[in-house]
Amino acid sequence: MLAGLSGCRRDAIVPPAGSDTPFGTLRVIIVPEWEGQPLEFYHEYRNVSDYRTTVESLKFYWGDVRLVDGMATMPVSDIELFDFQNGPVTKEWKLPTGVWSGLRTGIGVPSALNHADPATFPSDHPLSVNSLMYWTWASGYKFVLFDGRYDPDPASVVPLVNTYLLQTGMDTCYMEMDLLTLLPITVVKDSITTLRVHMAVDKFFHSNFGTIDLATEHEAHEGNVDLALKLTHNMIQSFSIE
Amino acid sequence: MVHIVLLALLLAGCGKDANADKEDTKVLFALQLPVGAPMPVTPSDNPLTDASVRLGKALFFEARLSRNGSISCASCHHPDRGFSDTLALSLGVDGLPGLRNAPSLGNVAYHPSFFRDGGVPTLEQQVLAPIHDELEMDHNINLAAAELGDEEPYGSLSMQAYGKPLDAYVITRAIANYERTLISGWSRSDRFLYQGDATALSAAEVRGWQLFSSAELNCAACHSGFDLTDHDFHNVGQYLDYGNDPGRERITLQPGDLGKFKTPTLRNIARTGPYMHDGAFGTLDQVIDHFASGGQPHPNLSPEMRTFVLTEEQKADLLAFLSALSDDRSLDQVP
């Protein structure tokens, strides 16, 4: 039920299914929350530093998504874009039937795709320019876009004006995680298997890896790799599967 | 003397039939290359066809590639200024200045990377940046394609060039191909250096060339080859503190690359001011003074930088040579 940092990829890939292989549907719903309640964009929260905080944009990629069971894996998707502007996001994939112990994914865009030309993708593809996640100046994608406003003074009542722009990218920030479940993930023929993933956005600011102090760490869209890595580590620890 | 390499190859047959449009895609652009110029390399998925170059030119001058229809590529890359800007920092759709000085587009066909920090590896991908940059055209290339796609000449040229309606793929490839044809190499210096015309330069310009090539000034350590650039990145000590523009470090994240910028071509240099990555120097005179000073003692200062002293006459000679790097004809080969 927890998300954990996975090691290097040494898992064996299950061969592609044949034409007579039965298929089922895997559905993943990611639910953004703040302290257990549905996240509301532009709503004023208090973050771990007791700063007045809003969230105004939240998007990220999952790359190289696959089901895992020991050394075996089943490819699920090369790349998926999650944009939470309208609340929880649902993705579905048609997969061969099987039983798996967890879901493994990268947060970000794998290196092999990260430097692709976005103009070569159809406009509805996650990597097209329409995603607005491409850093045109660096030929790479934003892995995570997490923007909002804050005020370090918890007693202040004035409108929030300070912005934070926590946007990770660059190959060094790509990180894999395992979403492990207590019960196996079973893809059943002609059925839908649903994984409801809770994402505690309040924990983006703090984990045992470190705390993001927005007063001094409010911009990670160019070069601030330490902050980008801290956000990614915190995000990984914010996921849990129902 | 002008040596012309004609690349026009009509690969299609002569018959006019249902495949005529398809065959048009195979007519290569008649690129003219000066003596001494290497053959540009084009990507396998974007051959330099006549239709693609004509489409690229139309798009290059199309202001509707910007959000409010106020600026085109040519607004910051003026054909009569070596395809550079007269402003230190070009102004975007809302009159806001960009981050860096707009460079000349002459001979970009030979560049291994783009932008002053080299962050983009292909001309095709470079096209996206100004269209989407909020300080430049601030548009979405797909929206622009939707607006322009049904109009002529875009609709028909797009089909001729790429066999598909105008979209992000077509726009980026077509503009890249037009830019590939902006060849510079028809200056008096070229006639002197590559075509054996000993009379092409004046005595002062020859003395300037000798100074330029001397170990004392060391200009040619970085401004070398046909395009007078090594295409590498150097910190020339313009500042001790580079402020909000770390240069090459922005891409590599390596502290040793702080303040390094790509060596610009010196072709048409007399027409492409202001100079330096931020347009800080308005005249070549100021540029020479900076290099003569050896630059600020930045930790990443290039070891090729050195101090030197020029007499007024020597400085005038050097300026004369630099002016002789200006093309005698337009870079634009598209009628």
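Some ground rules. This is a predicted model: local features need pLDDT of at least 70, side-chain atom pairs count only at pLDDT 80 or more, and totals for chains, interfaces and linings use all residues. Residues are numbered from 1 along each chain as its sequence is written, while chains are lettered from A and ligands numbered from 1 in the order in which they are written.

Confidence next. The predictor gives the complex an ipTM of 0.83 and a pTM of 0.89. Two residues are in contact if their C-beta atoms, placed from the backbone, lie within 7 Å.

Now chain A. It has 2 helices and 17 strands. Its radius of gyration is 18 Å, close to the 18 Å that the globule rule gives for 242 residues, so chain A is as compact as a globular protein of that length. Its C-alpha trace spans about 65 × 40 × 30 Å along the principal axes. Buried residues make up 40% of the 242. Buried means 20 or more other C-beta atoms within 10 Å of the residue's own; exposed means 12 or fewer, and partly exposed lies in between, with C-beta atoms placed from the backbone.

Back to chain B. We have 12 helices and 2 strands here. Helices are DSSP runs of H or I, at least four residues; strands are runs of E, at least two; both are numbered from the N terminus. The order is α-α-α-α-α-α-α-α-α-β-α-β-α-α. The C-alpha atoms fill a box of roughly 70 × 45 × 30 Å, taken along the principal axes. Of the 335 residues in chain B, 45% are buried.

Helix 6, residues 154–162, buries Tyr154(B), Leu157(B), Ser158(B), Gln160(B), Ala161(B) and Tyr162(B). They cover an arc of only 165 degrees around the axis, which puts them on the same side of helix 6 of chain B. The arc is that of the directions from the helix axis to the C-beta atoms. Just after helix 6, Gly163(B) takes a positive phi of about 65 degrees.

Helix 9, residues 203–213, buries Glu205(B), Gly208(B), Trp209(B) and Phe212(B). Their arc is only 100 degrees around the axis, which puts them on the same side of helix 9 of chain B. What do the buried residues of helix 9 of chain B pack against? Helix 12 of chain B, residues 312–323.

Next, the cores. A nonpolar core is a set of buried Ala, Val, Leu, Ile, Met, Phe, Trp, Tyr and Cys residues joined through C-beta atoms within 7 Å. The largest has 106 residues; Phe143(A), Leu231(A), Ile171(B) and Ile175(B) touch the most other members. A second, separate core of 17 residues includes Leu228(B), Met276(B), Ile288(B) and Ala324(B).

Last, the interface. The contact takes 14 residues from chain A and 21 from chain B.

Technical notes. Rg over C-alpha atoms; globule rule 2.2 N^0.38 Å.
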